[in-house]
Amino acid sequence: MNSKKADHLWGYFFIFPQLVGLICFALIPLVSAFAISMMSWDGMGTKEFVGFDNFASQLRDEEFRIAVVNTVYYTILSVPTGILLAMIVAVGLNKVKGKVLYRLIYFMPNITMSVAVAVVFMWLFNADFGLINLYLKEWFGIQGPQWLTDSRFVMPSIAMLSIWMGLGGNMVLFLAGLQGISPTYYEAAQIDGATKWQQLRYITIPLLSPTTFFVTIMSVIGSFQVFDQSFVMTSGGPAKASYTMVYHIYEMAFVDFTFGKSTAAAVILFIVILALTLFQMRMSKRWVHYED
């Protein structure tokens with residue numbers, strides 16, 4: 001056996017576990033989901049083929065439309081703000097002493113279980129004795145709103161929680177992007193008399209655009225899959241103001257036991273996320289700048 005062939009075999013050997021996992025836990029479930037989405041099935045009995053009726057039913061369903069609107073609203077609230085804050089924090093921490101310690105502190109919420117965080121924030125957002133309303137009253141003399149029981153504030157509350165949880169992960173990515181920018185650009189800019197703001201605007205932000213692009217894609221995908229916070233904190237309420245697409249899928253599958261319709265909704269969600277990702281990749285050619 002020659003050296004090249006042996007290298008190929010070793011390569012296949014090392015990717016084999018990941019390949020098996022991809023096939024068993026991603027590709028097969030994906031194909032199965034498309035198949036079940038065209039069935040009428042309660043999870044136990046006989047499957048009946050209904051074609052695209054489940055999809056048509058979902059598109060006519062008022063609850064599905066509410067879930068779509070709420071999910072888009074949540075995405076608009078959480079994604080731009082989360083990315084902007086993460087970039088600001090990363091730029092602020094890029095040159096300070098003890099950068100590793102700060103990175104650890106900011107990253108800790110990212111590895112905390114979302115259910116545990118949601119339970120803590122339920123107490124923080126409590127309108128009667130929560131710390132947030134207490135501080136608003138003590139420091140600013142403002143009577144805080146009913147964060148989780150008022151339909152106007154429930155989705156912004158969930159978005160704030162998600163921004164706090166995801167800040168550390170996005171910050172680490174931006175820090176990695178910042179450290180990949182060559183110092184020679186800043187040295188040349190300083191020689192030419194560029195201010196800190198001009199360096200940020202014309203060097204940092206353009207050269208950080210590949211990282212921003214990646215963070216944006218991952219944040220949008222994550223925002224369309226939001227479920228834990230809504231499930232734990234509000235159960236989709238009040239008046240379905242926090243009723244998201246994944247929550248809608250969960251209710252149909254594990255409350256109503258209409259697995260065909262729930263899978264059809266999941267397939268629609270998959271198509272929406274795929275379309276948004278492809279759109280972002282197409283638009284990235286206009287604003288993403290690579291150093292080479």
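Helix α13 gives the most to a nonpolar surface patch on this protein, with 5 residues. Welcome to a predicted model, in which local features need pLDDT of at least 70, side-chain atom pairs count only at pLDDT 80 or more, and totals for chains, interfaces and linings use all residues. Residues are numbered from 1 along each chain as its sequence is written, and side-chain values use heavy atoms, leaving out hydrogens and water.

**Overall layout**

- The protein holds 13 helices and 2 strands, where helices (H or I, at least four residues) and strands (E, at least two) are DSSP runs numbered from the N terminus.
- Its C-alpha trace spans about 80 × 75 × 35 Å along the principal axes.
- Of the 292 residues, 36% are buried; buried means under 20% relative accessible area, exposed over 50%, and partly exposed in between (1.4 Å probe, protein chains only).

**The nonpolar patch**

- Leu30, Phe34, Phe270, Ile271, Leu274, Leu278 and Met281 make up the patch, which covers about 600 Å².
- Two elements, α1 (3-36) and α13 (259-287), each give two or more residues to this patch.
- A patch takes residues with over 30% relative accessible area and no salt bridge; like charges are joined within 9 Å, and nonpolar side chains (Val, Leu, Ile, Met, Phe, Trp, Tyr) within 5 Å.
- The accessible areas come from the Shrake-Rupley method with a 1.4 Å probe, and for residues only the protein chains shown count as cover.
- Leu30 is a patch member that lies in helix α1, and it counts as partly exposed because its relative accessibility is 33%.

**How helices cross**

- Two packed helices are described by the angle between their axes and the distance between the axes.
- The axes of α1 and α13 come within 8 Å and cross at roughly 120°; axes here are lines fitted to C-alpha atoms, for helices over the stretch in contact, with angles running from 0 to 180 degrees between N-to-C directions.
- The two helices α1 and α13 are therefore oblique to each other, since angles under 35 degrees count as roughly parallel, over 145 as roughly antiparallel, 65 to 115 as roughly perpendicular and the rest as oblique.
- Helix α5 (residues 114-124) and helix α7 (residues 154-179) have axes that come within 11 Å and cross at roughly 130°.
- That pair, α5 and α7, is also oblique, and α5 passes α7 in a right-handed crossing.

**Salt bridges**

- Side chains of opposite charge can pair when their charged atoms come close.
- The count comes to 3 salt bridges, each being a side-chain nitrogen of Lys or Arg within 4 Å of a carboxyl oxygen of Asp or Glu.
- Arg65 pairs with Glu62, their closest N and O atoms 2.9 Å apart; both lie in helix α3 (residues 62-93), 3 residues apart, about one turn of the helix.
- Arg65 is partly exposed at 39% relative accessible area, and Glu62 is partly exposed at 46%.
- Lys240 pairs with Glu63, with the closest N and O atoms 3.6 Å apart. This pair links distant parts of the chain, 177 residues apart: Lys240 is in the loop between α11 (228-233) and α12 (245-254), and Glu63 is in helix α3.
- Lys240 counts as partly exposed at 27% relative accessibility, as does Glu63 at 30%.
- Asp150 and Arg152 meet through their side chains in a salt bridge (2.9 Å, N to O); Asp150 is buried at 16% relative accessibility, whereas Arg152 is exposed at 58%.

Terms used
A crossing is left-handed if the near helix is turned anticlockwise from the far one by less than a right angle, and right-handed if clockwise.
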